[in-house]
Amino acid sequence: MNQTETKYDAPANAALPGLEQLPQVAAVRGPQEQRLEAEYYDTADLRLIRAGITLRRRTGGGDAAA
């Protein structure tokens, strides 16, 4: 599975809508605790991080492959 993660910054006092108010959201549930492990990889000369690329292998969580 390929995954693209995008992060956004908002001011600390920003008023954000509840997720249930967004038209693309079908359901909202409370938080769930999951145990995840991540391994990060790069070349010996750190070529990936210098290019702004993070290569990560994550295991665990509800979407882990069987």
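Which residues form a nonpolar patch on the surface? Select Leu19, Leu22, Val25 and Val28. Together they have about 300 Å² of accessible area, computed by the Shrake-Rupley method with a 1.4 Å probe, where for residues only the protein chains shown count as cover. Patch members have over 30% relative accessible area and no salt bridge; nonpolar side chains (Val, Leu, Ile, Met, Phe, Trp, Tyr) are joined within 5 Å, like charges within 9 Å.

A note on the model: it is predicted, local features need pLDDT of at least 70, side-chain atom pairs need 80 or more, and totals for chains, interfaces and linings use all residues. Residues are numbered from 1 along each chain as its sequence is written, and side-chain values use heavy atoms, without hydrogens and water.

Stay on Val25. It sits in the segment before strand E1 (36–41). Strands (E, at least two residues) and helices (H or I, at least four) are DSSP runs, numbered from the N terminus.

Next, find the two salt bridges. Each has a side-chain nitrogen of Lys or Arg within 4 Å of a carboxyl oxygen of Asp or Glu. Select Arg57 and Glu39: their side chains meet at 3.9 Å, N to O. This pair links distant parts of the chain, with Arg57 in strand E2 (residues 55–60) and Glu39 in strand E1, 18 residues apart. Glu39 is partly exposed at 40% relative accessible area (the class between buried, under 20%, and exposed, over 50%; 1.4 Å probe, protein chains only).

Now pick Arg47 and Asp45. Their side chains form a salt bridge at 3.2 Å, N to O.

Last stop: Leu46, in the loop between E1 and helix H1 (47–50). Its phi is near 60 degrees, a positive value in a residue other than glycine.
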